[in-house]
Amino acid sequence: MVRDMGDRPAGKDAMVTAEDIRLGQGSEPVADAKVRAAWLYYVEGLTQEQIAEALGLSRIKVIRTLAAARAEGIVKIRIDARSASQVGLERGLVTALGLREAVVVPTARDAASISALVGYAAGLWLSDMLRDNMSLAVGWGQTLHLALRGMQPRQIEAMSVVSLLGGLTHSRSINPSAVARRVADMFGAECFQLTAPVFVSSVEVRDALWREPTLRDLLGRARAADVALLSVGDLVQDSTLFREGLLPQSDLASLKAAGAVGDLLCHFIDAEGRPVDHPVNRRIMAVSPSELAGIGLVAIAAGGANKAPAIRAALRASAAKVLITDESAAEALLSRMGGQE
């Protein structure tokens, strides 16, 4: 079933009719026209041709208006059904990996869309999980940035969001602090930021920063969070850390030589989930995987068959009990473990 989320309940009394649109035609702002077109198409079930007639627009203009409504978040689509393949993979992952829950989305037609599909599912999952008085800890990365699209904004009482990583001095949309702030804004929550660069110059600087009382307080909040949502990076040139220039491409070879298969919260880990002995790991301003042990429920969102070794390592490092991934990664994980149910 597909459910479309708008600003009004999708009941009989909330229906927008063609007459409603005609009454507002001529002076109606573009933003309002998008909302009306979205309700007619997604809720009332009018065709694009019928909406074009009602609005006095061309069909092409209606298509563009509906596309803009989706892109701007006026319309959010939620798919509550799963295929038999997805259900089978979810059950297999729960059993094989000892998880509490697995969410598997279809394999993307284009590898570039994997983060969008997995991120969207992660946003939906998180929206369903949150309750009043909860504390949420968040990581970063392209998948978590795209998870914002799947979140269903609402007011949650006494909620707090804690960023688990330092930030970027050159701010980008996937800046860890920006992701945490946007999540907090969606739910009317307090936001606690790790106000330091994600990578510092030396272990001495890192240790000195962690001695600061405000950062120690943040670390305590992170350790005591009710829920954590994290992503995983693998060791390829296009992974977030290297693509965004936070680490030089030249570090890839030495990290692989040290045994790293990926990173969790910018900490590079081996196949068993242990931190590798590498200089990069000694100058990270981020909560370490070992400090996630006290968090009530840890969820990892990552997809792509190529990420299977990094995902498995991250599950071991964090003791996560929820995995949100795609069919290709699920199949790769189960294949490496000897099959599925």
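I took a disulfide to be a pair of cysteine sulfur atoms within 2.5 Å. By that criterion I found 0 disulfides in the structure.

I noted that this is a predicted model, in which local features need pLDDT of at least 70, side-chain atom pairs count only at pLDDT 80 or more, and totals for chains, interfaces and linings use all residues. Residues are numbered from 1 along each chain as its sequence is written, and side-chain values use heavy atoms, with hydrogens and water left out.

Cys191 counts as buried because its relative accessibility is 18%. Cys266 also counts as buried, at 0%.

I then turned to backbone angles. Most residues other than glycine have a negative phi. Leu265, not a glycine, has a positive phi of about 55°. Leu265 lies in the loop between β8 (262-264) and β9 (267-269), strands being DSSP runs of E with at least two residues and helices runs of H or I with at least four, numbered from the N terminus. Leu265 is buried, because its relative accessibility is 4%.

Ala319 has a positive phi too, near 55°. I located Ala319 in the loop between α13 (308-318) and β11 (322-326). At 52% relative accessibility, Ala319 counts as exposed.

Ser85, Gln86, Leu89, Gly92, Leu93 and Ala96 in α5 meet residues of α14, including Glu327 and Leu334.

Methods. Buried means under 20% relative accessible area, exposed over 50%, partly exposed in between (1.4 Å probe, protein chains only). Contact means heavy atoms within 4.5 Å.
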